[in-house]
Amino acid sequence: MALLRQVIPSLVSISTKNPTRITHVHRPQLIVGEAKSNSHINMVCESLRRGLNWDALNKRFGSLEFSESFVSRVLLELKKPVDAKRALGFFHWSAQCKNLEHGVASYCITIHILVGAHLLMDARSLIESTLKKNAGSRFLVVDSLLSSYKITGSNPHVFDLLVQTYSKLRMFEIGFDVCCYLEEHGFSLSLTSFNTLLHFVQKSDNYPLVWKIYEHMIRVRKYPNEVSVNVMISALCKGGALQKFVDMLDRIHGKRCSPVVIVNTCMIFRMLEEGRLEQGMLILKRLLQKNMILDTISYSLIAYAKVKYGTLDSAWEVYEEMLNRGFHPNAFVYTLFIGAHCEGGRIEEANKLMQDMENAGLMPYDETFNLLIAGCSKAGRLEEGLRICERMLERGLVPSCWAFNLMMAGNLCESGVVKRANEMLTLLIDKGFVPDEITYSNLIASYAKLGEIQQVLKLYYEMEYRSLSPGLLVFESLIRGLCRCGELEKAEKYLRIMKDRSITVSACVYETLINSYFEKGDESRAPQLYNEMVSTGLKPSCALRVSSIKMPSFLVDKGNIYNNT
């Protein structure tokens with residue numbers, strides 16, 4: 001209570017040094033309820049305006065029992081700015097000395113009064129207190145503030161303080177929901193409040209929410225300033241996406257764009273990626289009206305949306321309109337069309353566009369080549385895919401892991417390029433390419449089919465050296481290859497390694513070993529592996545049952561373990 005007396009401006013203008021006056025104050029012996037006369041409210045307000053301190057108030061009103069309704073009525077009588085400090089004093093006195101736990105209504109009335117008197121620090125303190133007390137109720141506080149807004153003669157700044165406090169308390173999701181809720185009720189937050197929310201959300205690394213808030217700002221025409229843009233650039237940096245969009249805009253516009261254009265391009269691109277075309281186009285239109293994005297970038301993004309969700313013809317119409325309006329072709333749009341042709345299996349058309357692109361003085365970039373590699377791989381043109389990899393290396397580029405893996409997933413054995421693919425991998429690694437487990441899995445599977453077990457083992461140990469943990473696909477290929485070469489003991493060694501590393505052993509691995517032991521004529525180990533397989537809940541395939549039927553001695557000696565399978 002002593003601390004509160006220091007914080008709250010003194011209510012004392014009549015000092016307790018005059019005990020006689022206080023001793024003879026009349027103390028009504030009444031219980032104040034909902035329907036009590038206004039005289040009791042007037043008595044309290046008069047005492048507060050006369051400056052009675054807490055001790056004097058206790059003596060005068062100690063026998064009165066205050067209800068929440070009575071407190072609210074007193075506060076409303078003190079709603080004028082001149083009485084704001086008295087209202088705050090009464091709020092704290094009634095809580096401390098009358099043991100009254102204030103409800104959200106009393107809090108909100110007091111907050112409105114303090115904001116109206118520009119006592120913002122005190123208002124923030126009460127907002128923080130009531131938000132913590134009512135954290136489980138999403139809209140309770142804002143609803144109470146809305147319901148008491150008119151009767152207190154408040155102003156919209158109270159809602160800015162509310163959302164800013166949500167931000168500082170790291171209650172971001174509720175804060176943003178309240179922001180949208182206020183918009184529905186006709187209250188628009190200040191740009192400062194949006195920036196505060198963006199700042200704290202960005203610091204928490206909640207990037208999806210950061211973009212959701214920024215998009216909402218544009219939707220409600222609360223356009224960003226330098227502070228907003230800097231926060232969004234920080235979010236792009238921390239999310240590892242800044243360079244991607246800087247590069248994209250360099251390819252579209254041909255030179256470096258301003259931070260606000262980078263941020264707005266990223267927002268529209270994200271919306272289109274998520275399939276929100278209508279919303280994306282609406283936001284794009286508003287950005288164009290405010291000159292917050294460039295025309296050539298807008299055309300390119302519309303072409304992207306047409307390629308991704310529409311038809312190639314409609315995308316081409318957008319591109320031709322762009323050219324007719326005097327804008328230059330760009331590498332980003334060319335790459336879009338190349339990717340669309342590759343996806344449709346039209347490799348010749350894609351190659352022609354690549355040639356047109358270079359003839360126009362535009363430089364194909366890594367994504368352009370990756371799309372061509374992927375298209376060639378899907379079309380079974382693995383030799384051509386390898387040649388594209390060589391062209392990339394000549395230009396100082398390396399393919400993406402997904403594109404190279406797609407090529408490696410092709411039938412390298414039948415096309416006779418497995419050796420070249422392995423050599424290409426070595427060259428790419430020297431240039432900074434980082435293979436993953438799938439890269440090695442595909443190559444190991446190809447060598448295993450060819451029976452080149454030494455190459456399989458070499459690649460396996462290379463994976464270990466690079467700290468890439470071989471998974472089920474690698475072990476299946478490895479064990480299958482060893483079994484084909486009759487190296488059953490080595491195959492069992494890798495079976496043990498799988499178990500030691502808690503890698504779930506597949507039915508394929510067990511059946512490969514069982515069938516190999518059958519072929520070798522070993523009838524002792526096969527049933528052990530079979531029982532082990534069944535005990536894990538795996539069921540043998542038809543192929544395994546057929547091979548077992550051909551081994552009558554096995555069935556007889558081992559108690560017909562294949563019954564009921």
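**Cavities, a pocket and helix pairs**

Modeller: Let us begin with the second largest cavity, to whose lining helix 27 (437–450) and helix 29 (472–484) each supply at least two residues. Please keep in mind throughout that this is a predicted model.

Biologist: What makes a residue part of the lining of the second largest cavity, and which residues are they?

Modeller: A lining residue must have an atom within 4 Å of a point of the cavity, and the residues that line the second largest cavity are A445, A448, K449, S477, R480, G481 and R484. Helix 29 gives the most to this lining, with four residues. By class, the lining has two nonpolar, two polar and three charged residues.

Biologist: How do you know how many cavities of 30 Å³ or more there are in the whole structure?

Modeller: A search of the whole structure was made with that cut-off, and it finds two cavities.

Biologist: What makes a space a pocket and not a cavity, and how much space lies in the largest pocket?

Modeller: A cavity is a set of points where a 1.4 Å probe fits but cannot get out, whereas a pocket is an open set. In the largest pocket lies about 670 Å³ of space. Its lining is made of 24 residues, and those nearest the centre of the pocket are Y304, T335, L336, E367 and L371. Two or more lining residues come from each of helix 15 (242–253), helix 18 (295–309), helix 20 (331–343), helix 22 and helix 24, and it is helix 20 that gives the most, with seven residues. Divided by class, the lining of the largest pocket has 13 nonpolar, three polar and eight charged residues.

Biologist: Why are helix 22 and helix 24 called roughly parallel to each other?

Modeller: Helix 22 (residues 366–378) and helix 24 (residues 401–408) pack at an angle of about 15 degrees, with their axes 8 Å apart. Angles under 35 degrees count as roughly parallel, and therefore the two helices are described as roughly parallel to each other. Their crossing is left-handed. From helix 22 the contact takes N370, I373, A374, S377 and K378, and from helix 24 it takes W402, A403, L406 and M407. By class, these are six nonpolar, two polar and one charged residues.

Biologist: What makes helix 3 roughly antiparallel to helix 4?

Modeller: Helix 3 (residues 38–50) and helix 4 (residues 54–61) pack at an angle of about 155 degrees, with their axes 11 Å apart. Angles over 145 degrees count as roughly antiparallel, which means that helix 3 is roughly antiparallel to helix 4. Helix 3 passes helix 4 in a right-handed crossing. In this pair, M43, V44, S47, L48 and R50 of helix 3 meet L57, R60 and F61 of helix 4, a contact with five nonpolar, one polar and two charged residues.

How values were computed. Residues numbered from 1 in each chain as written. Predicted model: local features only at pLDDT ≥ 70, side-chain atom pairs only at ≥ 80, totals over all residues. Heavy atoms only, no water. 1 Å grid on protein atoms, 1.4 Å probe; cavity = no way out; pocket = protein on both sides within 12 Å on 5 of 7 lines; lining within 4 Å. Points joined across faces, edges and corners; volume = space filled by probe spheres on them. Nonpolar A, V, L, I, M, F, W, Y, C, P; charged D, E, K, R; others polar. Axes fitted to C-alpha atoms, helices over the stretch in contact; angles between N-to-C directions. Parallel < 35°, antiparallel > 145°, perpendicular 65-115°, else oblique. Left-handed = near helix turned anticlockwise from the far one by under 90°. Contact = heavy atoms within 4.5 Å.
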